[in-house]
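Try each task yourself before you read its solution.

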Amino acid sequence: MTTIEKTNPAGNPAAADTAPLLEVRDLHVEFVTREGVAQAVNGVNYSVSAGETLAVLGESGSGKSVTAQTIMGILDMPPGRIAKGEILYRGEDMLKMSTEQRRRIRGQKIAMIFQDALSSLNPVLTVGYQLGEMFRVHQGMSKKDARAKAVELMDRVRIPAAKERVDQYPHQFSGGMRQRIMIAMALALEPDLIIADEPTTALDVTVQAQVMDLLAELQREYHMGLILITHDLGVVADVADKIAVMYAGRIVETAPVHQLYKNPAHPYTKGLLQSIPRLDQKGQELYAIKGLPPNLLRIPSGCAFNPRCEMAQDVCRTDVPALHRVTDADGAELVGRGSACHFWKETLRG
Amino acid sequence: MGRYVARRLLQMIPVFLGTTFLVFMMVYSLPGDPIKAMFGDHAADPATVAHLKHQYHLDMPWWQHYPLYVWQLLHGDLGQTFGGVDVSQVLSQAFPVTIRLALLAFVIEIVVGLGLGLLAGLRRGKVADKLVLVFTLLVISVPVFVIGYICSTVFGITLAWTTPTVQDSNNLGQLLLPAFVLASLSLAYVARLTRTSLVENVRADYMRTAMAKGLPRRRIIVNHLLRNSLIPVVTFLGTDLGALMGGAIVTEGIFNVQGVGNALYRAIRASEGPTVVGIVSVLVIVYLISSLLVDLLYAVLDPRIRYA
Amino acid sequence: MPDVIEKEAAVPGSASAPATAPAKAGKPRSLWSDAWRDLRRNPFFVVSAALILLLVVITLWPSLFTSVGPRDADLQHHYLGAADYGHVFGADWFGYDGQGRSIYARVLYGARASVIVGLCVTAFVTVLGGLLGMLAGYFGGWLDTLVSRLTDIFFGIPLLLGCLVVLNAFTHRTVWTVVLALGALGWTQMARVMRGSVVTVKEADYVTAAKALGAGTTRILLRHILPNAIAPVIVVATIALGGYISTEATLSYLGIGLQDPTVSWGIDISSAQNVIRTAPHVLFFPAGMLSITVLAFIMLGDAVRDALDPKLR
């Protein structure tokens with residue numbers, strides 16, 4: 001199976017020549033449920049370098065969030081189970097580390113931002129306490145200093161009147177402000193990598209853009225790696241360097257962001273792009289991929305997408321496609337591109 | 001907050017009047033003639049009966065009697081028992097005993113109930129959890145009077161660790177067993193509530209955040225999980241303190257504790273209207289005040305609750 | 001609480017719902033059918049349902065299990081226990097009470113009073129409290145104020161205490177006196193539960209939709225509100241049923257509940273208390289049956305709650 005890093009990630013040229021910050025190798029995660037074992041992640045490979053933004057795209061159930069939780073080490077085990085794979089942080093396999101080593105990485109080196117900031121913040125503790133906790137636990141700071149740091153952080157994510165609001169509780173903030181607090185919390189110890197799991201999904205459209213811009217700006221400022229998990233193609237276009245599209249626990253396509261939009265090499269990606277409403281299509285019926293996402297307890301044999309794919313042939317129902325390197329019409333390799341489709345050529349050119 | 005307390009205090013007045021009225025009507029308007037009962041099988045002298053009825057206002061219709069009763073109550077006069085003793089004097093003897101018993105039971109309820117609940121909730125699905133589940137189910141199912149008799153017989157007579165009944169209500173050692181029996185039902189509820197609350201909160205999103213922050217396990221449990229999970233438990237404990245004081249009829253009877261429950265039971269059996277109404281009125285006040293305090297405590301513990 | 005036993009969580013977060021739902025897309029899955037599926041696998045439910053079934057059979061036809069009557073007394077058997085006559089099988093292995101009556105027969109016949117009190121009080125409070133709670137929750141206004149204030153007032157008096165006061169006024173008490181007293185003092189709990197549930201449900205979009213479509217009030221209440229609001233009431237009612245049985249026994253034990261000649265576990269326990277050391281079997285069997293009965297209903301209520309509460313699933 002071809003892995004992404006062998007095809008040398010494109011995107012940010014500064015990042016390209018440094019060793020990857022984080023590398024996921026052949027990760028398999030399962031869930032033991034009453035009905036059977038659900039295959040949530042089936043051999044995912046991806047990597048992200050400092051200063052680079054990787055967008056992981058997929059519908060619910062595609063395994064994008066489970067992969068992120070596995071990286072963070074906050075997966076519920078049981079029912080979750082890591083069947084196979086490696087997660088390398090600066091070259092070292094985190095899955096082999098002690099609990100204490102992993103804890104020190106969490107929050108300090110790799111931080112995470114969650115979708116719903118209201119439920120993700122502790123309702124009975126002030127935001128100042130929750131921000132300051134990072135400094136108190138990881139840096140042994142005093143309560144007073146930690147509070148001052150919390151105000152500083154709130155200023156940095158542009159929360160107005162931070163000094164007064166530091167002692168307020170999460171429910172006293174608006175949705176956008178709460179998500180800024182989540183960002184501030186992730187940013188607190190200036191980590192190498194931030195994983196943002198649908199950071200704007202719960203927000204109003206106008207607020208979405210502000211939060212996304214803030215996140216992108218801070219990422220540039222601190223030269224962090226960013227894994228942006230989303231189901232929304234619109235969100236990633238402006239901020240991501242490269243995209244990994246996931247389906248049924250596998251990566252089905254990888255590409256630098258603009259190439260993917262212009263010229264997808266997997267029927268699923270193509271379908272996703274076609275189902276975005278566009279102004280020039282006004283009046284036409286909106287395209288929708290037929291069928292439903294697969295049941296993870298019974299993933300279809302062959303290519304998991306085959307029951308929904310318009311191009312599916314017999315081979316698609318029997319053979320699991322590897323992630324093929326994608327080349328252009330002249331046979332020259334397109335850097336950073338891969339497609340797990342038997343008919344990627346036809347898809348790319350058709 | 002001050003305005004909220006004032007409003008709540010005002011709201012307590014109709015509830016207090018309603019509850020005392022309900023008890024009053026139950027005692028005085030139901031069939032049965034307490035004065036006749038006083039004489040037992042002896043033929044009563046009609047003049048004496050009439051005099052007694054007048055003395056206890058039993059010759060009044062309820063719409064005169066009840067306002068009079070409330071008026072006297074407001075002046076701290078709870079009336080007299082048929083034996084001619086002030087009800088307030090009966091209470092002042094019985095209440096300290098019951099308060100001692102209830103507080104002891106309360107401590108047991110907190111320590112054992114909370115302890116078991118934490119054990120079960122933090123070891124969810126393990127053997128300890130299942131044992132706690134079985135224990136609480138048994139305690140809830142076996143009626144208190146059965147538990148009381150078994151405990152009294154086993155610990156008081158067979159093992160002779162303590163006295164089977166309480167001889168000296170100042171002796172905390174003797175009160176310990178009755179307190180345990182009194183607390184048994186509540187501690188089972190506390191254990192179950194604690195466990196349920198922990199299980200619900202363990203899956204909360206903020207717990208995932210706390211983990212992602214790289215906090216040590218101990219801190220996640222104490223500062224994040226418990227701080228949230230214990231809110232409903234503390235609320236329950238608050239309401240229960242009032243219930244422990246009023247609900248000791250069975251336990252006090254089994255262990256012969258000379259407290260409020262016992263006095264109340266004797267008064268009910270003897271159809272001593274004034275004593276019953278007097279004791280219940282005081283219990284209602286205790287209940288109302290404790291539920292107000294619980295509401296205020298709730299606001300302190302959970303910042304999302306705002307009182308306007 | 002039986003959620004301890006079966007707690008294989010579904011795939012968490014985004015992966016769960018869409019991943020498993022389509023598999024059974026052909027079959028409609030409502031809260032009730034899901035709950036039923038959960039219940040059948042719950043050993044607590046199976047055990048408690050079997051116990052309750054057995055109890056109902058004993059209540060209806062106690063003579064199926066014994067040919068001895070509960071009032072057949074033979075003073076030769078005065079306080080005889082199993083240990084006294086050497087063999088432990090047969091109808092007399094529960095022993096005899098002070099009047100030489102078969103405890104086995106009394107325990108069987110005593111089920112009737114407990115089950116009748118439990119079922120009738122529960123039916124009474126569920127219908128009365130449920131109806132008033134539903135109307136108060138749905139219409140609000142003065143009815144709501146009235147029901148809420150009444151509930152507040154009744155809550156100040158513990159059930160047992162209130163029943164003691166009321167029942168003491170009656171010199172002749174039957175099962176029905178006890179049922180009425182418990183019901184009259186207990187309905188407010190159910191009204192409170194139902195009211196809270198209805199207040200939540202009536203804000204739901206499907207209720208608004210039904211109103212917009214011009215459905216009548218009765219139809220909305222019966223077809224839309226009731227089915228969606230009743231789950232918490234069922235749970236509370238099941239657990240309360242065990243509580244009522246326990247309260248009846250306590251009242252009888254205190255001498256203010258059922259009276260001879262009614263056969264009741266509470267009466268038997270009460271009369272056993274003086275001989276608990278010399279003839280413990282006289283206390284043990286009625287107390288055991290009573291506890292098992294209460295346990296069965298509480299376990300059933302627990303199982304139903306776990307099945308109906310998707311949060312804990």
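Some ground rules. This is a predicted model, in which local features need pLDDT of at least 70, side-chain atom pairs count only at pLDDT 80 or more, and totals for chains, interfaces and linings use all residues. Residues are numbered from 1 along each chain as its sequence is written, while chains are lettered from A and ligands numbered from 1 in the order in which they are written.

**Exercise 1. The sheet of chain A**

Task: work out the strand order of the open sheet in chain A, then find what packs on it.

Solution. 
- Step 1: Line up the four strands of chain A and you get 2-1-4-5, with antiparallel pairing. Strands are DSSP runs of E, at least two residues, and helices are runs of H or I, at least four, both numbered from the N terminus; two strands pair if DSSP finds at least two bridges between them.
- Step 2: Look at the edges. Strand 2 (36-48) and strand 5 (92-93) of chain A each have a single partner strand, so one side of each has no neighbour in the sheet.
- Step 3: Check a pair. Strand 1 (residues 22-33) and strand 4 (residues 80-89) of chain A are joined by eight bridges, and E30(A) has R81(A) in strand 4 of chain A as its bridge partner.
- Step 4: Axes here are lines fitted to C-alpha atoms, for helices over the stretch in contact, with angles from 0 to 180 degrees between N-to-C directions.

**Exercise 2. Two domains in chain B**

Task: do likewise for domain 1 of chain B, and sort its residues that touch domain 2 of chain B by class.

Solution. 
- Step 1: Chain B has domain 1 (2-74) and domain 2 (95-301), with C-alpha centres 32 Å apart.
- Step 2: The contact takes 16 residues from domain 1 of chain B and 13 residues from domain 2 of chain B.
- Step 3: Helix 1 of chain B provides the largest share of the domain 1 side, 10 residues.
- Step 4: That side divides into 12 nonpolar, three polar and one charged. Ala, Val, Leu, Ile, Met, Phe, Trp, Tyr, Cys and Pro count as nonpolar, Asp, Glu, Lys and Arg as charged, and the others, Gly among them, as polar.

**Exercise 3. Chain B and its partners**

Task: state how many residues of chain A and of chain C are in contact with chain B.

Solution. 
- Step 1: From chain A, 22 residues are in contact with 18 residues of chain B. Helix 5 of chain A gives the most to its side, with four residues.
- Step 2: From chain C, 35 residues are in contact with 42 residues of chain B. Helix 12 of chain C gives the most here, with eight residues.

How values were computed: Two residues are in contact if their C-beta atoms, placed from the backbone, lie within 7 Å. Domain bounds come from an automatic or database domain assignment.
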